[in-house]
Amino acid sequence: MKNLPETKLDKIVSLCKRRGFLYQGSEIYGGLSGTFDYGPLGVALKNNVKNLWWKMFVDDREDMYGVDAAILMNPKVWQASGHIGGFSDPMIECQKCKKHFQADNLEDKNKCPLCAGKLGAERRFNMMFKTSIGASEDESSVSYLRPETAGGIFVNFKNIIDSFHPKFPFGIAQIGKAFRNEIAPRDFIFRLRELEQMEIEYFIRESDWEAEFEIWRKHMEEWMDAIGIDRSHVHEIEVPAENRAHYSKRTIDFEYEFPFGQKELYGLAYRTDFDLRSHAKGSSVPLEYYDDATGERFVPHVIEPSLGVDRTILALLCDAYTEDEMDDEMRVYLKLHPRIAPVKAAVFPLLKNKEELVAKARLVYSAIKSEIGAVIFDDNGNIGKRYRRQDEIGTPYCVTIDFDTLADDTVTVRHRDTGKQERMPIGELAGFLKKVIS
Ligand code: ATP
């Protein structure tokens, strides 16, 4: 069989494994489909994304409250939200090879795309992971791993009101894991069974929903600019009523041009007052806002920007992966924004066997590491090889300590994207790095 050319996604997957960004979950046991483990560089990149989101949408605002709710919730939550009844995908099983397919993705619903066998009838498949709580395993012990973080926000609405008496409008934000028993997990970390979400429920008056929807659409665009997702690769698609979730009166999907097609990156939905009303009914606890100023009592409506952390990482990697030629050699580099790059700077002594260079480089390394954190020391191989290694993981700056450094306390700072080098006093390094990553 002829070898197929490596696709861009293959190259990204292989770089991620080789350099410690992402590994197949449970790999030494043959893997577990739909799960991935983040390695040291992957977790650094992911934390930078989550921290920036939290800073932009929680810390830098006065109207936002963060929560970290339990993943296991009372099953009545999912009864009220409609997930037990309706969180399902159409599934078809091949009668010959027994593989399962998401019916909407099949071109021919009669013939198996893998073995050409006859396909069975379409049936609904609930995507929530069932588990049981406690020692007995009867119906009363059934619970679910949450399929979205939003549930944990709605059940804490009253707690936030009681503890903080927020002014209206206000939002509740959460970052956390969600679980979906996807029929066909695929495309690296695009469709996972264990995923992470960054979600906000922003509580508004019904009369303001159209204006608030526009405000949140802009915030999502600002977010993509802040982390460095190229917006020319993102398309905002109005979701027609028949494809919207049961609770939504308007949804926009932010679709990104992934190497395997244009697919949903984020969603923005107007969920009306569906959730608060349903949970108030399900729990018999009124979920209302009382406005001191006007004496009004009402059930707020909600705008929900919903962002997948893993799809964010994948879009960032797709935008960042670049091949070019430098010094007559092919090179691969990740053009990540310095703000989210897992390593901000690498410090090198020009020569490994010159004690005074190594000692000085160690001093510079410790000084900037204590201020910036994500800095590494490397004295392995020649300088060219060290540059290539850092390029491949997206380190924006390499700092070299040479013989001139010993005389005048200046270093060479090399820029990842252009390969340009500049001389800089050691005393200015930390300030320079702080400025470019802030
Ligand atoms: P899709 O249509 O691709 O299945 P969805 O419409 O079900 O996605 P939402 O329920 O709106 O997705 O979830 C909010 C966000 O969570 C999505 O925009 C996406 O970023 C992320 N997400 C959803 N499902 C997955 C998954 N299986 N793996 C990774 N991320 C996911």
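This note goes through a predicted model point by point.

1. Ground rules. Residues are numbered from 1 along each chain as its sequence is written. In this predicted model, local features need pLDDT of at least 70, side-chain atom pairs count only at pLDDT 80 or more, and totals for chains, interfaces and linings use all residues, while side-chain values rest on heavy atoms, with hydrogens and water left out.

2. A three-strand sheet. An open sheet is formed by 3 strands in the order E6-E5-E7, with antiparallel pairing. Strands (E, at least two residues) and helices (H or I, at least four) are DSSP runs, numbered from the N terminus. Two strands pair if DSSP finds at least two bridges between them. Strand E6 (100-102) and strand E7 (123-126) are at the edges; each has a single partner strand, so one side of each lacks a neighbour in the sheet. On average, neighbouring strands here are turned by 50 degrees against each other, direction ignored.

3. One pairing in detail. Strand E5 covers residues 88-93 and pairs with E7 over 4 bridges, in the antiparallel sense. Met91 has Arg123 in E7 as its bridge partner.

4. The loop between E6 and E7. Two residues of this loop deserve a look: Ala116 and Gly120. Ala116 is not a glycine, yet its phi is positive, about 65 degrees. Most residues other than glycine have a negative phi. Ala116 counts as partly exposed because its relative accessibility is 48%. The classes are buried (under 20% relative accessible area), exposed (over 50%) and partly exposed (in between), with a 1.4 Å probe and protein chains only. Gly120 is buried, with a relative accessible area of 16%. Gly120 touches Ile92, Glu93 and Gln95, leaving aside residues up to four places away in sequence. Contact means heavy atoms within 4.5 Å. Between Gly120 and Pro166 there are 46 residues in sequence and 53 Å in space, C-alpha to C-alpha.

5. Cysteines. The structure holds 0 disulfides. A disulfide is a pair of cysteine sulfur atoms within 2.5 Å. For Cys94, the nearest cysteine sulfur is that of Cys115, 3.6 Å away. Cys94 is buried, at 0% relative accessibility. The sulfur of Cys112 also has Cys115 as its closest cysteine, but 3.7 Å is too far for a bond. Cys112 is buried too, with a relative accessible area of 3%.

6. Two helices crossing. Helix H1 (residues 8-18) and helix H9 (residues 309-320) have axes that come within 11 Å and cross at roughly 110 degrees. Axes are lines fitted to C-alpha atoms, for helices over the stretch in contact, and angles run from 0 to 180 degrees between N-to-C directions. H1 and H9 are therefore roughly perpendicular. Angles of 65 to 115 degrees count as roughly perpendicular, under 35 as roughly parallel, over 145 as roughly antiparallel, and the rest as oblique. From H1, Lys8, Leu9, Ile12 and Cys16 meet Leu314, Leu317 and Cys318 of H9. The contact residues divide into 6 nonpolar, no polar and 1 charged.

7. Backbone points to check. Phe168 and Pro169 are joined by a cis peptide bond, with omega about -5 degrees. Pro169 sits in the loop between helix H6 (157-164) and strand E10 (170-179). Thr272 is not a glycine but has a positive phi of about 50 degrees. Thr272 is in strand E14 (residues 261-272). Thr272 is buried, with a relative accessible area of 14%.

Definitions and conventions. Nonpolar A, V, L, I, M, F, W, Y, C, P; charged D, E, K, R; others polar.
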